[in-house]
Amino acid sequence: EKALKVLSTWEICVRYFQTCNVHVLKPNYVCFFGYPSFKYSHPHHFLKTTAAVRGQVVQFKLSDIGEGIREVTVKEWYVKEGDTVSQFDSICEVQSDKASVTITSRYDGVIKKLYYNLDDIAYVGKPLVDIETEALKDSEEDVVETPAVSHDEHTHQEIKGRKTLATPAVRRLAMENNIKLSEVVGSGKDGRILKEDILNYLEKQTGAILPPSPKAEIMPPPPKPKDMTIPIPVSKPPVFTGKDKTEPIKGFQKAMVKTMSAALKIPHFGYCDEVDLTELVKLREELKPIAFARGIKLSFMPFFLKAVSLGLLQFPILNASVDENCQNITYKASHNIGIAMDTEQGLIVPNVKNVQICSIFDIATELNRLQKLGSAGQLSTTDLTGGTFTLSNIGSIGGTYAKPVILPPEVAIGALGSIKAIPRFNQKGEVYKAQIMNVSWSADHRVIDGATMSRFSNLWKSYLENPAFMLLDLK
């Protein structure tokens, strides 16, 4: 009879929990309305209230990512509905008309809804995902005494007093493979840990080596019998089943539409010349092994950029910008020289900051970084904005001359052709093998006249044809 009474009391207590949702249980003991205490031994899981299970669903909205950007394209989802996320976990990667950005979570919880598919346009201030958070965490702590769980070492920005630099995507890769970032040596700028560093570390730990791709076997055609008759082909008209496809302009192409439309308002002035790079080719061949020993690939572009910067010191009007109505001109103190790059995402123009205070090796190091990030589509907004002058190396693809279009609000741009071995006469009238490159300049004719552009080009040309001349003006 006493046992039946206890069971009845237990049933009343359970109904009390279901009705009130919250009931405080002290550690190690549960009191049932005056009946003797029943001791339980497991401190982590006993009773859980309904409100704590359900949680609160919040809309995670796309916040302002700067530069006046109001819409982005969703390029990749790192989560799906039902996934559990923590703060700072990567949610998705979006691409604006200027850069790619990884969006991270502000909440701990479960993904309940994705508002966009891949390549959809997402708008600033609109929800990206719904996250069910543990809204009544305090209520759970009243019911169950649960010890605090610390995050893994590699999820923090600072490890053992040393700041760890890594993108959210790299941190996620390290977390998925149970790798502590404190044990990985970064090969990026300022010790930044790159994806390759994680993969190399994982290969050393596990000894895993990617298998080589199988080569297709070349099968020789079967021999033709001598008595085989060749049938006469019957001519049939070809049937074409292709259809036109229409898609929206987005990403970097959308930015190009905006920039080139503004460039049409500028009256362009063109100027072309050829440069003898014979001496520079010899100098680069001597310096390439030294730069390679420092881990840097040395191209001709660092020399071109430094020569431009030295020329801009003498002709500062070419490193200027004008307002929309061309009523004011601003002379830029920094030489942030942009480099046009052809990528899978389209044309992008990152720039090397403060070339006027950089050595040729410094410029080469920064170019290597920009080219690597540009190929991966990971250039930041800072890398893509703030340019004051631009060079387009069209010769790396092919071609001799071009008619480059100015990038507003800049006032000048240069296009470099390919370097070709062509016979030329020296001062003694002797024929020699010359390394010739053609250059095509465009300038805003509202503020720059032809004589200024010609003098600048001649000075730039002299630095490249006689590289030793640059030593006189280097600071």
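The model is predicted: local features need pLDDT of at least 70, side-chain atom pairs count only at pLDDT 80 or more, and totals for chains, interfaces and linings use all residues. Residues are numbered from 1 along each chain as its sequence is written, and side-chain values use heavy atoms, without hydrogens and water.

**Confidence.** The mean pLDDT (the predictor's confidence in each residue, from 0 to 100) of the protein chain is 78. Of its residues, 77% reach 70 or more.

**Sheet.** Four strands form an open, antiparallel sheet in the order β3-β10-β8-β5. Strands are DSSP runs of E with at least two residues, and helices are runs of H or I with at least four, numbered from the N terminus. Two strands pair if DSSP finds at least two bridges between them. The edge strands, β3 (56-61) and β5 (84-85), each pair on one side only.

**Aromatic rings.** The structure has 8 aromatic pairs. Rings of Phe, Tyr and Trp (its six-membered ring) pair if their centres lie within 6.5 Å; planes under 30 degrees apart are stacked, over 60 edge-to-face, the rest tilted. Two of the pairs share W460:

| Pair | Centre to centre | Plane angle | Type |
|---|---|---|---|
| F304 and W460 | 6.2 Å | 55° | tilted |
| W441 and W460 | 5.1 Å | 85° | edge-to-face |

W441 lies in strand β21 (residues 431-444) and W460 in helix α11, 19 residues apart. Is F304 buried or exposed? F304 is buried, at 3% relative accessibility. Buried means under 20% relative accessible area, exposed over 50%, partly exposed in between (1.4 Å probe, protein chains only). W460 is buried too, at 0%.
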